[in-house]
Amino acid sequence: MKINALNLTEKEYLLPGNRTCPGCALSLAYRHILKALEGQAVVTVPASCLTVLHGMYPVTSVEVPCVNTPFASTAASATGLVAGLKALDRKGLTVVAIAGDGGTHDIGIQALSGAAERQTDFIYICYDNEGYMNTGNQRSSSTPLGAISGTTPILGKQQSQKDMTAIMEAHGIPYVATANASYPLDLYEKIRGAMLIQGTRFIHVFTPCPPGWRFPFNDTVRIGELAVQTGWVVLYEVEHAVFRLSSASKSIAQRGNLRPVREYLAEQGRFQNITEKQINELQERVNARWQRCLARTPDL
Ligand SMILES: Cc1ncc(C[n+]2csc(CCOP(=O)(O)OP(=O)(O)O)c2C)c(N)n1
Ligand code: SF4
């Protein structure tokens, strides 16, 4: 489905006055996710910055019903919601599970893998701020190599990131996509497209976090764009096993020039102690994934 800014509903489902930090990409992404769902959703959210954003009934700033689920159980909770709505014969509502990278890549992966294997009919959105931000920025399996965090304070993390999107694609589910809070129309379009598909759908949304990544809060959108321009994030979707590069990444592929990853790293205080060896390793990883994506895009 093609949309443009003029087609976006003016109705807001995320009201002003929530408790995210200034410049939080999660709140930007969530605003557009909720617009795409047009209120026809039940969301389930584990402990995270998103529960802080939601706040507590009756003073929540979000206009959709939400279950606050234990940390490991997001996809299990969604499975229960799907079964409950079916038992009540309630049609037209999409069950949406939304969790951070800690709640997805780490503690929630067994419930998510199980739900995907059972082909549960729901959308799972992982917003990735590359750490356990709500509890003070502990490292997760999505924290990048070389990044300083609360639990990797001096040298930075010594391991590389888990590729969660590839793991979910390997489940053979009907829809897997990457998105980025700096490209809200692309995100909106992917949610709308996913709503039309039956079965487990997984969308990974890149959400820069100013305090955790140590960059000025007014740079959030630019950092997200730089991630795409350097290939740190590749925007794509895989629908029924058909791979498509999304327009922002596709236009870079057509021009043939990714910017160097070090430009992206240099903008963030969390990489202040990264070594040359680690920068080279990250660049090689980005190059290898970029080549895999290009090889899956014969129609450039
Ligand atoms: C079983 C369990 N362990 C630990 C916690 C504490 N806890 C609450 S939120 C959170 C971090 C969540 O990280 P992530 O899922 O990446 O979301 P973010 O905070 O970054 O939005 C942790 C560790 C918890 N609530 N439950
Ligand atoms: S810590 Fe990061 S992800 Fe959490 S609310 Fe603040 S900016 Fe958003």
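Let's start at Gln 119: just after helix α5, this residue takes a positive phi of about 60°. Helices here are DSSP runs of H or I, at least four residues, and strands are runs of E, at least two, numbered from the N terminus.

A word on the source. This is a predicted model, where local features need pLDDT of at least 70, side-chain atom pairs count only at pLDDT 80 or more, and totals for chains, interfaces and linings use all residues. Residues are numbered from 1 along each chain as its sequence is written, and chains are lettered from A and ligands numbered from 1 in the order in which they are written.

Back to α5, residues 109-117. Its buried residues are Ala 111, Leu 112, Ala 115 and Ala 116. Buried means 20 or more other C-beta atoms within 10 Å of the residue's own; exposed means 12 or fewer; C-beta atoms are placed from the backbone. Down the axis of α5, the buried residues fall within an arc of 130°, so they line one face. That arc uses directions from the helix axis to the C-beta atoms. The face turned away carries exposed Gln 110 and Glu 117. The cover over the buried residues includes α3, α4, β4 and α6; contact means C-beta atoms, placed from the backbone, within 7 Å.

Now ligand 2. Residues around this ligand include Cys 21, Cys 24, Cys 49 and Cys 209, with C-beta atoms, placed from the backbone, within 6 Å of it. Helix α8, residues 210-213, gives the largest share of the shell, 3 residues.

Finally, the whole protein. It has 12 helices and 8 strands. Of its 300 residues, 47% count as buried.

Definitions and conventions
Contact = placed C-beta atoms within 7 Å.
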